[in-house]
Amino acid sequence: MRQTLSAVVVTIVLSSGFVIAQEPNTQAAQTAVEAWLALSDKGDYPATWQTAADAFKTAVPQEKWEAAIRAARTPLGALKSRTLGGAKPTNSLPGAPPGEYVVFQYSANYEKHDAAAEVVVQERKVKLSDVKE
């Protein structure tokens, strides 16, 4: 029996990498987030953890992450479509240190579940060349 859910599926990960998080230009961050989502879509859960931010990896052991994402994604089936709903730069997130982040919200449709919401957070990593002496 196919279960119809009105629940929202939320994926929150702090992806690492250098991002220029200047409003409204969030294209570099979006590219990194969509590459991360593609890893998840193809079931490469070890890579999703390996490419996450250090703070995320410290808080969530790899084995727990892989079990959690597998449990969340497997029942959904294959991705049919994903649409970006918005991207919002911010300097603060609940439970995270102050920093530069971009919060992406997507609407996704899967084989076994329509209208899933996905949230992915991109963290800006500062390069040494960005720091002025």
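Let's start with helix α4. In this predicted model, five of its residues are buried: Q62, W65, E66, I69 and R73. Where do they sit around the axis of α4? They cover an arc of only 95°, which puts them on the same side of the helix. Here is the general rule behind that. An α-helix has 3.6 residues a turn, so residues three or four places apart point the same way.

The face away from the buried side carries exposed residues, namely E63, K64 and A71.

What covers the buried residues of α4? The cover includes α1, α2, α3, β2 and β3. In residue numbers, α3 runs 54-59 and β2 runs 79-90.

A quick check on the length of α4. It has twelve residues, and at 1.5 Å a residue it should span 16 Å. The C-alpha atoms at its ends are 16 Å apart, which agrees.

Stay on α4 and look at R73. This arginine lies in the helix. Is R73 buried or exposed? The relative accessible area of R73 is 7%, and the limit for buried is under 20%, so R73 counts as buried. Which residues does R73 touch, leaving out those up to four places away in sequence? The list is S40, D41, Y45, R82 and Y110.

Next, the nonpolar cores. How many residues are in the largest one? There are 14. Within this core, the residues with the most contacts are V33, L37, W65 and F104.

The largest share comes from α1, with four residues. There is also a second, separate core. This one has five residues, including L93, Y101, V103 and V121.

On to the aromatic rings. The count of aromatic pairs comes to three. Take W36 and W65. Their ring centres are 6.4 Å apart, and their planes meet at 40°, so the pair is tilted. W36 belongs to α1 and W65 to α4, so this pair ties together parts that are 29 residues apart in sequence. W36 and W65 are both buried.

The next pair is F104 with Y106. How are their rings arranged? The centres lie 6.4 Å apart and the planes are at 25°, so this pair is stacked. F104 has 0% relative accessibility, so it counts as buried. Y106 is buried too, with a relative accessible area of 4%.

Back to the tryptophans for a moment. Ring pairs link W36, F56 and W65 into a cluster. And there is a charge over a ring elsewhere. The charged end of K57 sits over the ring of W49, 5.5 Å from the ring centre.

Now strand β3, and Q105 in particular. Q105 has its place in this strand. At 46% relative accessibility, Q105 counts as partly exposed. How far is Q105 from A117, going by C-alpha atoms? The separation is 7.1 Å, although the two are twelve residues apart along the chain. Set aside neighbours within four places in sequence, and Q105 is in contact with T83, L84, G85, G86, E118 and V119.

One backbone point deserves a look. A115 is not a glycine, yet it has a positive phi of about 60°. A115 lies in strand β4, residues 113-123. At 55% relative accessibility, A115 counts as exposed.

Let me finish with the whole chain. How many helices and strands are there? The protein chain has four helices and four strands. Along the sequence the pattern reads β-α-α-α-α-β-β-β. The chain has 133 residues, and 35% of them count as buried. Then there are the contacts between residues at least 6 apart in sequence. Of these, 59% join residues at least 24 apart.

Technical notes
Residues are numbered from 1 along each chain as its sequence is written. This is a predicted model: local features need pLDDT of at least 70, side-chain atom pairs count only at pLDDT 80 or more; totals for chains, interfaces and linings use all residues. Side-chain values use heavy atoms; hydrogens and water are left out. A nonpolar core is a set of buried Ala, Val, Leu, Ile, Met, Phe, Trp, Tyr and Cys residues joined through side-chain atoms within 4.5 Å. Buried means under 20% relative accessible area, exposed over 50%, partly exposed in between (1.4 Å probe, protein chains only). Helices (H or I, at least four residues) and strands (E, at least two) are DSSP runs, numbered from the N terminus. The expected span of a helix is 1.5 Å times one less than its number of residues. The arc is that of the directions from the helix axis to the C-beta atoms. Contact means heavy atoms within 4.5 Å. Rings of Phe, Tyr and Trp (its six-membered ring) pair if their centres lie within 6.5 Å; planes under 30 degrees apart count as stacked, over 60 as edge-to-face and the rest as tilted. A charge sits over a ring if NZ of Lys or CZ of Arg is within 6 Å of the ring centre and within 35 degrees of the ring normal.
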